Amino acid sequence: EKEAKKEAFRKYLESSGVLEALTKGLVALYEQNDKPSSAIEFVQQKLGGPTVSEYEKLQAEISDLQIRYDELSMSHQDKCRELEELKKSHTAATSRETIDDESSKDDEVSVQSNFTQSYTK
């Protein structure tokens, strides 16, 4: 049973191209006259992965971008709050103007009514 699992796994690695990719990387390493100081990094490069320094740069970039995202997100939230406050103050001012306008119209109607009543007497 254990041998069957090993064989199934080997077939899986072969069919997915892993064995071929690893073999190519190891052959390239073998054929190097001047062996690299980091064999694992060499094979990683051959497999298409980033070098350690590239990985570290990418990690630093991710960190910088996360900080920038957080700053922009906070700024956006602040602007949204400001906008809501402006909308509320505008709505309140508009309501006051409407009430004042209606009050003025009532006063005009009252003056006209009083004028009409005194004129007709």
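The model is predicted: local features require pLDDT of at least 70, side-chain atom pairs count only at pLDDT 80 or more, and totals for chains, interfaces and linings use all residues. Residues are numbered from 1 along each chain as its sequence is written, and side-chain values use heavy atoms, with hydrogens and water left out.

**Overall composition**
- The chain has four helices and zero strands, where helices (H or I, at least four residues) and strands (E, at least two) are DSSP runs numbered from the N terminus.
- Along the sequence the pattern reads α-α-α-α.
- Of the 121 residues in the chain, 6% are buried, meaning under 20% relative accessible area, with exposed over 50% and partly exposed in between (1.4 Å probe, protein chains only).

**Helix H2**
- Helix H2 (residues 18-30) contains 13 residues and spans 18 Å from its first C-alpha to its last, close to the expected 18 Å (1.5 Å times one less than its number of residues).
- Gly25, Ala28 and Leu29 are the buried residues named in H2. They lie on the same side of H2 because they cover an arc of only 105° around the axis, taken from the directions from the helix axis to the C-beta atoms.
- The cover over the buried residues of H2 includes helix H3 (39-46).
- Exposed residues Glu20 and Tyr30 sit on the face of H2 turned away from its buried side.

**Surface**
- The chain exposes about 10,900 Å², of which carbon and sulfur atoms supply 55% (Shrake-Rupley method, 1.4 Å probe; for residues, only the protein chains shown count as cover).

Terms used. Contact means heavy atoms within 4.5 Å.
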